[in-house]
Amino acid sequence: SYYTTDLDGAGQIVAVADSGLDEDHGDFGSRVIGNVDVIGDGSTADAHSGHGTHVSCTILGDGSRGTYAGVAPEAELYFQAMENDNSGNFQWASINNMLNTAYNQGARTHSNSWGSSDSSEWGVYTSSSEDVDDRARYYDQYYSGKEGLTILFAAGNDGPQSDTIGAPATAKNTITVGNSQNRYSGAPSTIMDSSSRGPVDDGRLKPDIIAPGGFVRSCRAQEATDTSGSTWSNNWYLEYSGTSMATPNAAGTAALIRQYITEVAQRPEPQGALVKALMILGANDVGSRNIPNNDEGWGRVDLKNSLAPNNGRGIWVDDRSVLSSTGNTKTYSFNITTANQPFKVVLAWSDERGSRFSSKQLVNNLDLLVTDPTGTEYRGNVFSQGRSIQGGDYDTLNNVEV
């Protein structure tokens with residue numbers, strides 16, 4: 001079948017909170033709908049490394065200055081400048097306010113290539129994690145007909161040791177993004193050593209997925225004074241590596257998934273949890289067959305596999321059903337007609353925010369059970385060598401079950 005829509009991000013507004021933005025670089029065209037100073041230093045310039053311009057172009061640059069277009073080149077950008085130009089440090093006052101403001105400006109995807117690098121906070125569920133979870137749940141479940149906000153955070157660059165993910169990427173309802181190699185030998189299925197690893201402190205699986213972040217070429221801010229961290233550059237583009245670069249690749253993917261759901265599938269605006277579930281549904285296990293794990297989560301993002309898998313397989317989604325009270329169940333039946341093809345199910349929900357004073361963050365515990373025609377049962381997240389196995393116990397930690 002032929003789609004009537006190019007998947008290019010048209011109609012999608014993506015918010016990016018980052019250092020600053022070279023708005024007139026050229027690759028943004030007239031698609032910047034807002035560029036705001038959220039810390040009060042009076043500037044939205046990208047004066048230091050050009051980090052914010054680089055990540056924004058990865059999401060939605062159109063490549064008009066040269067070769068390197070982003071993932072969703074027709075999407076619009078709402079930018080929130082967080083860098084203090086005097087020090088080069090990132091600051092944030094209220095994540096709650098940043099997410100609310102972006103949503104009110106029409107953004108339905110919010111990309112964040114920043115987080116705490118304080119090793120005392122690795123794996124910790126902080127007040128910033130609470131804020132992210134609170135807003136994600138609010139927009140998914142209570143507001144505007146369940147028209148959700150997909151929130152993404154970079155895992156961090158403190159790997160390869162375990163338990164190195166900084167808040168707010170420790171939140172439950174965010175898509176936490178690790179880093180696979182984008183260019184050169186080893187791409188695309190090598191996990192970069194520096195990519196931060198889970199688990200987080202209550203044992204939850206993180207990151208959720210990995211995306212290409214090693215050696216990514218994207219826009220060079222013309223006012224940036226310190227691009228010494230780049231591994232290649234010309235006048236208009238440069239090459240950076242990190243989960244900072246992986247996250248916008250995943251965010252652009254999220255915008256395309258949203259566009260597909262509404263324009264091609266003609267479904268209502270999705271919950272953020274559905275976008276997350278579809279990203280996990282299509283993810284590819286990299287390296288040895290061992291998903292899920294705390295290096296790659298559920299694997300490397302694969303947009304085609306999330307939306308239009310091969311061999312005639314279909315995808316079925318539901319993000320409007322409600323389980324109204326404890327003990328409720330909902331049952332779905334599928335007639336599988338294609339032999340020898342994987343059958344994969346993802347359950348994801350935006351959970352009530354946890355508490356930084358609690359040792360365990362899951363509030364609403366949903367359980368996934370798949371029963372095959374012979375009566376054999378498979379519980380969510382009970383895996384061996386990358387495949388579901390019988391037995392085991394229901395997962396009581398994670399708000400994603402596969």
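With helix axes taken as lines fitted to C-alpha atoms over the stretch in contact, and angles running from 0 to 180 degrees between N-to-C directions, the packing of two helices can be described for this predicted model. Helix α2, spanning residues 95–104, packs with helix α3, residues 127–141, at an angle of about 30 degrees, and their axes lie 9 Å apart. Because angles under 35 degrees count as roughly parallel, α2 and α3 are therefore roughly parallel to each other. The crossing in which α2 passes α3 is right-handed. On the α2 side, the contact is made by I95, N96, L99, N100 and Y103, which meet S128, D131, V132, D134, R135 and Y139 of α3. By residue class, the contact of α2 with α3 comprises five nonpolar, three polar and three charged residues.

The strands considered here form an open sheet of seven, in the order β2-β3-β1-β4-β5-β6-β7, with parallel pairing. At its edges stand β2 (32–37) and β7 (209–214), each of which pairs on one side only, and the twist from one strand to the next averages 25 degrees. Within this sheet, strand β5 (residues 150–154) and strand β6 (residues 175–181) run parallel and are joined by three bridges; A154 has V177 in β6 as its bridge partner.

Note on methods: Residues are numbered from 1 along each chain as its sequence is written. This is a predicted model: local features need pLDDT of at least 70, side-chain atom pairs count only at pLDDT 80 or more; totals for chains, interfaces and linings use all residues. Side-chain values use heavy atoms; hydrogens and water are left out. Helices (H or I, at least four residues) and strands (E, at least two) are DSSP runs, numbered from the N terminus. Angles under 35 degrees count as roughly parallel, over 145 as roughly antiparallel, 65 to 115 as roughly perpendicular and the rest as oblique. A crossing is left-handed if the near helix is turned anticlockwise from the far one by less than a right angle, and right-handed if clockwise. Contact means heavy atoms within 4.5 Å. Ala, Val, Leu, Ile, Met, Phe, Trp, Tyr, Cys and Pro count as nonpolar, Asp, Glu, Lys and Arg as charged, and the others, Gly among them, as polar. Two strands pair if DSSP finds at least two bridges between them.
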